[in-house]
Amino acid sequence: MYPENFRYTKEHEWVLVEGDIGTVGITDHAQEELGDIVYVDLPKPGAHIEQGKSLGSVESVKAVSDVYSPVSGEVTEINGLLADSPEKLNADPHGAAWLVKIRLSAPAEVASLMSAADYQSYIGAEK
Amino acid sequence: MPITKVRPHLSPNESLLFERSSPGKKAYQLPELDVPAVDAADALGADNVRAEIDGFPEVSEVEAIRHFTRLSTWNYAIDYGMYPLGSCTMKYNPRINELVARTEGLAWAHPYQPEALAQGSMEVMARVEAALAEITGMDAVTLQPAAGAHGELTGILLIRALLEKRGNPRKKILIPDSAHGTNPATAAIAGYAVENIKSSETGVLDVGALEHLVTGDVAALMVTNPNTLGVFEENIIRVAEILHAKGAMLYMDGANMNALVGIARPGDFGVDVMHLNLHKTFSTPHGGGGPGAGPVAVKKVLEPFLPTPRLKRSGKRWTYDYKRKQSIGRVKAYYGNFGVLVRALAYILAHGGPGLRNATVDAVLNAVYIRKGLEPYYDLPYRAPNMHEVVFSDERQAKLGVRTGDIAKRLIDYGFHPYTVSFPLIVHGALMIEPTETEGKREIDQFIDAMISIAKEAETDPQMVKGAPYGTRTSKVDEVTAARKPVLRWKP
Amino acid sequence: MLDACGVSSPEDLFSHLPEAVRLGRPLNLAPGVSEYEIVDYFRDRAAENANGYASFLGAGVYHHYRPVLVDTVVSRGEFLTSYTPYQAEIAQGTLTTIFEFQTMICQLTGMDVANASMYDGSTAVPEAAMMAVRATGKGRVLIAKSVHPEYREVLRTYARNQGMPVEEFGYVPEAGTIDLEDLDRKIDGLTGAVIVQSPNFFGIVDRVKAAAEIAHRAGALLVVLFTEAVSLGILEPAAGADIVAGELQSFAISPCYGGPYAGIIATREKFLRQVPGRLVGQTTDSRGNRAFCLTLATREQHIRREKATSNICTNQALIALMATVFMTVYGKQGLRELAEQNLAKAHYLASKLRPRFCGKFFNEFVVKVEGKTTDEMNKALLKKKIIGGLPLGRFYPELADSMLLCATEMSRRADMDAVAEVLA
């Protein structure tokens with residue numbers, strides 16, 4: 001369920017690091033909590049993001065949730081799919097519905113994030 | 001068996017105005033011009049004259065009245081039955097209010113007509129100011145704000161002005177986590193940072209925590225009293241003392257005044273500034289979402305900062321005082337929602353002092369009666385005595401998969417409007433119920449019976465409850481698609 | 001009931017309140033009176049106001065005929081006594097009429113999306129300014145002096161606490177239109193919004209297109225205001241406007257000494273998520289039928305709380321419904337004919353006087369009075385049971401010798417002749 005090669009945050013974001021690029025998304029747990037997603041607000045390419053700071057938000061009909069970046073760096077790409085089809089985020093949050101790609105400015109940050117096993121226990125405990 | 005509640009009735013279908021328009025149809029007739037007609041292109045410049053208004057309706061008078069009449073039958077309303085909406089105070093809207101608001105000399109008055117020809121309107125406003133000051137125990141009232149949130153903004157701006165005068169406007173406003181969303185939104189617009197205070201386990205303000213939170217950076221605490229759980233903030237006097245000792249102010253959101261009128265006055269328990277919702281406590285109609293009025297009442301110390309102009313007595317007449325150097329300025333053009341003030345005054349005159357107090361007593365009685373009736377069936381997270389409203393949680397039903405939203409929709413099938421769902425946020429799965437004083441025992445018993453019946457349905461047939469409502473003209477509306485693909489106007 | 005509550009008297013319900021907060025005496029308010037006495041009270045108050053006067057006041061509030069159908073519709077209990085349509089299944093009446101309202105406002109203003117109304121025109125101004133600032137990320141606001149003075153005051157009250165500097169630019173003394181050079185001088189890279197009104201406070205059709213060019217060149221948005229909604233029946237929608245905001249009082253909303261009214265904000269599709277206030281959207285119900293609901297609520301205070309686009313909760317639903325019925329009764333042809341009548345009446349009056357400004361005007365214009373003060377002129381008119389124009393000295397010291405006159409379809413030729421006689 002939770003890919004082994006991802007790293008996870010307490011705020012339910014994930015990052016997949018390939019070279020110096022981190023692909024960021026929200027977890028399946030997050031999309032389930034939110035319910036039907038209606039809108040995704042993403043930064044523009046070129047924006048500078050800090051670990052732990054909000055990079056945008058995800059909206060359902062009755063709630064808004066900030067997305068906190070797992071890593072610091074510069075946004076290189078945003079997922080164009082989500083503007084027209086925000087519902088993809090419910091369907092495939094770990095795959096096709098990634099949010100942004102970031103060129104990491106501090107790759108060492110990733111070590112402080114949770115592994116899949118840790119994240120799984122974390123959300124198990126939350127329940 | 002006698003029919004005791006609204007049953008679904010046949011509601012004719014109706015398309016939009018634009019879909020039933022026909023070129024050339026009219027519902028109006030203007031008189032003949034008694035002056036020469038003027039060529040629009042000459043008078044305004046040819047570039048400035050528009051072509052026809054594309055798509056604008058063209059229907060006859062009969063078609064117009066049928067259109068709106070049919071649409072109206074799709075609405076629930078207080079005239080049909082109870083709205084148990086918490087903190088909305090959906091009391092009966094007396095029709096005498098509508099009659100007097102239309103008195104020609106009042107309805108037709110232009111705000112800029114000479115003061116000598118506006119004494120009637122000014123007297124009405126002065127009378128409302130005086131009545132609200134007496135009811136709230138405050139020293140001065142402004143009638144300018146157009147609604148509750150508008151009044152909140154005015155109140156916070158008044159606090160800012162006073163603190164600025166004292167040398168430091170300060171940086172933040174404390175807001176309980178049980179507060180209505182307009183409170184933090186208002187604080188932000190007034191340029192303050194918001195700090196949330198967690199409610200105590202008993203649901204009221206945590207005085208101990210407050211003592212640590214009130215620093216020299218805090219401008220004010222915004223409190224609702226009774227709070228959004230319907231519980232009176234028993235430590236309110238101590239709360240006011242803590243704030244005042246640190247030079248901060250106490251703002252009260254007056255949304256729940258229906259529990260206090262004639263019983264307790266905010267001015268007497270330490271409030272410095274508050275707003276009232278005339279469309280709640282004072283019976284002016286909600287009209288599907290507005291208009292309202294949000295007068296603000298203040299202690300003397302804030303009076304110099306009130307919006308301009310102020311009513312002033314000059315000999316035997318009323319006049320406006322525009323020379324108010326310390327005023328925060330205007331929050332709205334002209335003087336306030338005068339038409340709403342007339343309705344509120346009619347309500348005050350009809351009840352009088354004793355009547356207003358009786359209304360409060362009945363409002364609280366009705367809410368406590370509902371609490372007792374539903375306590376065996378619904379979880380009551382906070383056990384303190386409630387006043388004019390009561391808040392349950394859906395915890396028992398949630399175990400069976402039925403949430404407060406589902407129960408609310410099922411209540412519609414019993415002929416009621418839902419209560420307030422999922423608010424306040426400090427109660428998980430909240431059911432917030434306020435009957436008001438204008439509901440009689442019969443209606444309230446029917447409501448209690450309906451809620452009990454639904455609690456039982458949740459046990460025996462939860463899936464059925466989750467699929468409600470069944471008896472409405474329109475079934476469950478797809479709010480998700482409405483948000484994903486917004487269509488906000490008709491197009492041909 | 002008392003038994004069920006476990007108390008022996010209603011007073012016991014309050015026994016948990018601390019003694020110190022209890023009001024120990026009756027309210028100092030007279031006892032309640034009968035319906036008849038209430039009617040009498042307000043009739044007496046109405047008698048102390050102007051009755052039976054012809055009025056030539058405009059200045060943001062207009063005397064237009066209110067079709068009888070308006071009150072017939074809004075007096076229906078289903079509209080009058082219903083609540084905000086949060087429960088879509090039992091509020092399709094309100095939701096449908098708001099959807100129609102939003103559509104008609106778009107048609108009139110030429111914009112893509114309109115909200116379900118603001119408190120009034122004056123408060124729509126700071127809301128529009130804040131929208132423009134959010135959309136551009138630039139905080140400076142420029143507003144024309146020819147915008148309604150009280151609207152500018154309201155903007156200043158809001159702006160002061162938002163870190164939103166507001167500066168005014170002037171008007172050309174001969175034409176009464178905005179001073180484009182002054183605007184050009186004052187605009188800079190930090191300007192997020194330029195706000196003009198057309199017809200402006202002096203009644204003059206203003207230079208909106210030129211203002212748009214200047215604003216857009218500087219990367220600012222153009223906000224165009226209106227206070228006389230009937231003008232929309234004949235004036236070309238402001239091309240180049242990014243946001244249109246204004247007051248609908250002319251559409252069957254009684255002047256009512258200043259309120260309640262209904263304001264609107266309308267804008268382009270791309271600014272949709274910055275729009276404050278309620279929005280009604282079209283969707284379907286579970287049986288596939290067309291239905292309407294409040295939507296995009298995540299902009300609003302009850303969800304976003306301190307990050308909301310505005311703190312506004314109410315919309316003026318009942319008032320907006322009055323406007324909707326008015327727009328339906330007059331319809332496509334009627335609104336145009338109504339506007340043409342207003343044009344004819346005001347131009348007739350103006351032809352007998354000398355308008356101070358040479359700019360083109362709709363149904364209001366400014367005249368300079370000679371020989372007497374504006375107050376003396378108005379006193380003379382009052383003797384003829386006529387309320388004259390608004391003396392401008394209270395808002396524009398440089399125009400202290402002038403008054404703003406308005407004529408609508410309700411102005412009678414005989415009264416206009418009387419005004420001309422006194423003022424000429």
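I begin with His63(C), which sits in the loop between β1 (54-55) and α3 (68-74) of chain C; helices here are DSSP runs of H or I with at least four residues, strands are runs of E with at least two, and both are numbered from the N terminus. The model is a predicted one, in which local features need pLDDT of at least 70, side-chain atom pairs count only at pLDDT 80 or more, and totals for chains, interfaces and linings use all residues. Residues are numbered from 1 along each chain as its sequence is written, chains are lettered from A and ligands numbered from 1 in the order in which they are written, and side-chain values use heavy atoms, with hydrogens and water left out.

Is His63(C) buried or exposed? His63(C) is buried, at a relative accessible area of 7%, where buried means under 20%, exposed over 50% and partly exposed in between, with a 1.4 Å probe and protein chains only. Setting aside residues up to four places away in sequence, His63(C) touches Trp108(B) and His110(B) in chain B, together with Ser55(C), Leu57(C), Pro255(C), Thr408(C) and Met410(C) in its own chain; contact means heavy atoms within 4.5 Å. A polar atom of the His63(C) side chain lies 3.2 Å from the backbone oxygen of Trp108(B).

From this residue I turn to the interface of chains C and B. Contact involves 178 residues of chain C and 187 residues of chain B. The buried area is about 15,700 Å², with carbon and sulfur atoms giving 64% of it; buried area is the accessible area (1.4 Å probe) that two parts lose on being put together, summed over both. How many salt bridges does the rule find across the interface of chain C and chain B? The rule finds ten, a salt bridge being a side-chain nitrogen of Lys or Arg within 4 Å of a carboxyl oxygen of Asp or Glu. One pairs Glu19(B) with Arg290(C), the closest N and O atoms being 2.8 Å apart.

On the side of chain C that touches chain B, helix α11 (residues 317-351) of chain C gives the most, with 24 residues. By class, that side has 90 nonpolar, 54 polar and 34 charged residues. Here Ala, Val, Leu, Ile, Met, Phe, Trp, Tyr, Cys and Pro count as nonpolar, Asp, Glu, Lys and Arg as charged, and the others, Gly among them, as polar.

Gly329(B) belongs to the loop between β9 (317-321) and α10 (338-374) of chain B. Gly329(B) is buried, with a relative accessible area of 17%. Beyond its neighbours within four places in sequence, Gly329(B) is in contact with Pro307(B), Thr308(B) and Thr157(C).

Chain B is divided into domain 1 (17-72), domain 2 (96-349) and domain 3 (353-479), with bounds that come from an automatic or database domain assignment. The centres of domains 2 and 3 of chain B, taken over C-alpha atoms, are separated by 30 Å. Their contact takes 26 residues from domain 2 of chain B and 24 residues from domain 3 of chain B. These two domains of chain B bury about 1,900 Å² between them, 65% of it given by carbon and sulfur atoms. Thr228(B), Leu229(B) and Asn258(B) supply 29% of the area that domain 2 buries against domain 3, more than any other three residues. Between domains 2 and 3 of chain B the count is zero salt bridges and six residue pairs in polar contact, both residues at pLDDT 80 or more.

Why is helix α12 (residues 404-413) of chain B described as largely enclosed by the rest of the structure? Eight of its ten residues are buried, so the helix is largely enclosed. The covering elements include α11 (395-398), β11 (420-421), β12 (430-433), α13 (441-460) and α14 (462-466) of chain B. Just after α12(B), Gly415(B) takes a positive phi of about 90 degrees.

Finally, chains A and B. Their contact takes nine residues from chain A and five residues from chain B, and they bury about 560 Å², 53% of it on carbon and sulfur atoms. Across this interface the rule finds one salt bridge: Glu87(A) with Arg484(B), the closest N and O atoms being 3.6 Å apart.

Technical notes:
A polar contact is a pair of N or O atoms within 3.5 Å; within protein, one must be able to donate a hydrogen and the other to accept it, and residues adjacent in sequence count only if both atoms are side-chain atoms.
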